[in-house]
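Colleague: I'm new to this one, so please pick a single part and take me through it slowly. Tell me what your terms mean as you go.

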Amino acid sequence: MERKRTDTKEKLDQPKRQRTRIPADENGFSHSMLETATRLCMLGFTNDRLGKFFGVDSSTIDKWLENPKFKEAVQKGRDMADADVAESLYRMATGYEMEIEEPKWNSQEGFWEIVSYNKRYAPNVTAQIKWLTARRPAQWSETHKVEHDHTVTHKAVEEINMEGFTDTEQNAMFKALKNHLNASDKKR
C-alpha cells in the first residue's frame with residue numbers, strides 16, 4: 001500500500017481547524033468540567049488541587065461549588081473514593097483471599113510458566129481499630145470526652161474550738177485560712 005505524502009506547502013494553504021469553545025459562566029465554569037471534576041475527586045483532589053488543575057484559584061472553586069451540578073459531581077467523586085477506601089479498610093480488618101499469579105521456572109521442561117494460587121491475608125489489627133473507632137467511637141475511641149460543670153464544692157469547715165488560743169494565734173489561723181481560700185479561688 002502506497003502512502004500519500006502531503007507537501008508542506010499544501011498544509012500551509014489549508015485553513016486552520018477552529019476549536020469549538022465551550023460556553024462558560026462569568027467565573028469560568030463550564031458543564032463540560034463535571035465529569036473531570038468527578039474523576040479528579042475520585043483520585044483524592046482537594047479544592048486547592050482542583051483549582052490548580054482547572055487553572056483557577058481555590059476561591060473560584062468555592063464559587064463553582066455553589067452550582068448544584070458541580071457540587072454534586074465533586075461530592076460523587078469524593079463519595080466513590082471514600083467508599084473504595086472503606087471497602088479496602090474493611091477487607092484489611094476482616095482478612096481476605098486473593099488470587100496470585102507468579103512466574104516460576106519449570107526446570108524439567110526448561111521454560112518459565114505462570115503459576116496461580118490463592119493467598120489468604122490475615123486480619124490486620126490496626127485496620128480493625130481504625131474501623132471500630134470510626135464506626136463506634138463511643139466504645140472504641142482512644143480519647144474519651146469528659147464533661148464537667150466547673151463547680152467546686154468545699155467541704156464544710158467544722159467548728160474549731162478556739163479556746164486556749166491567744167488572740168494573736170487565732171488571728172494567724174484566720175489569716176492562713178483566708179490566704180488558702182483566696183489561692184484556691186484564683187486557681188479556678
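Modeller: D57 is partly exposed, with a relative accessibility of 48%; buried means under 20% relative accessible area, exposed means over 50%, and partly exposed is in between, using a 1.4 Å probe and protein chains only. Before going on: this is a predicted model, where local features need pLDDT of at least 70, side-chain atom pairs count only at pLDDT 80 or more, and totals for chains, interfaces and linings use all residues. Residues are numbered from 1 along each chain as its sequence is written, and side-chain values use heavy atoms, leaving out hydrogens and water.

Back to D57, which sits in the loop between α3 and α4 (58-64). Helices (H or I, at least four residues) and strands (E, at least two) are DSSP runs, numbered from the N terminus. D57 and N47 lie 10 residues apart in sequence, with 9.1 Å between their C-alpha atoms.

The axes of α2 and helix α3 (residues 47-54) come within 11 Å and cross at roughly 135°. Axes here are lines fitted to C-alpha atoms, for helices over the stretch in contact, and angles run from 0 to 180 degrees between N-to-C directions. That angle makes α2 oblique to α3; angles under 35 degrees count as roughly parallel, over 145 as roughly antiparallel, 65 to 115 as roughly perpendicular, and the rest as oblique. The crossing of α2 and α3 is right-handed, a label that applies if the near helix is turned clockwise from the far one by less than a right angle, while anticlockwise gives left-handed. On the α2 side the contact is made by T36, A37, L40 and C41, and on the α3 side by L50, F53 and F54; contact means heavy atoms within 4.5 Å. Sorted by class, the residues of this contact are 6 nonpolar, 1 polar and no charged. For the classes, Ala, Val, Leu, Ile, Met, Phe, Trp, Tyr, Cys and Pro count as nonpolar, Asp, Glu, Lys and Arg as charged, and the others, Gly among them, as polar.

Now for the other partner of α2. Helices α2 and α5 pack with their axes 7 Å apart, at an angle of about 30°, so the two are roughly parallel to each other. This crossing, too, is right-handed. From α2 come L34, A37, T38, C41 and M42, and they meet K69, F70, A73, V74, K76, G77, R78, M80 and A81 of α5. The classes in this contact are 9 nonpolar, 2 polar and 3 charged residues.

Helix α2 also has a charged pair. R39 forms a salt bridge with E35, and their closest N and O atoms are 2.7 Å apart. A salt bridge is a side-chain nitrogen of Lys or Arg within 4 Å of a carboxyl oxygen of Asp or Glu. R39 and E35 are 4 residues apart in helix α2 (residues 34-42), so about one helical turn separates them. R39 is exposed at 52% relative accessible area, and E35 is partly exposed at 49%. A search of the whole structure finds 1 salt bridge.

Helix α5 (residues 68-94) and helix α6 (residues 125-135) have axes that come within 7 Å and cross at roughly 125°, which means α5 is oblique to α6. Here the crossing is left-handed. A86, L89, Y90, M92 and A93 of α5 make the contact with A127, Q128, K130 and W131 of α6. Those residues divide into 7 nonpolar, 1 polar and 1 charged. A86 is partly exposed, at 31% relative accessibility.

Of its 188 residues, 15% count as buried. Among contacts with a separation of 6 or more, 43% come from residues 24 or more positions apart.
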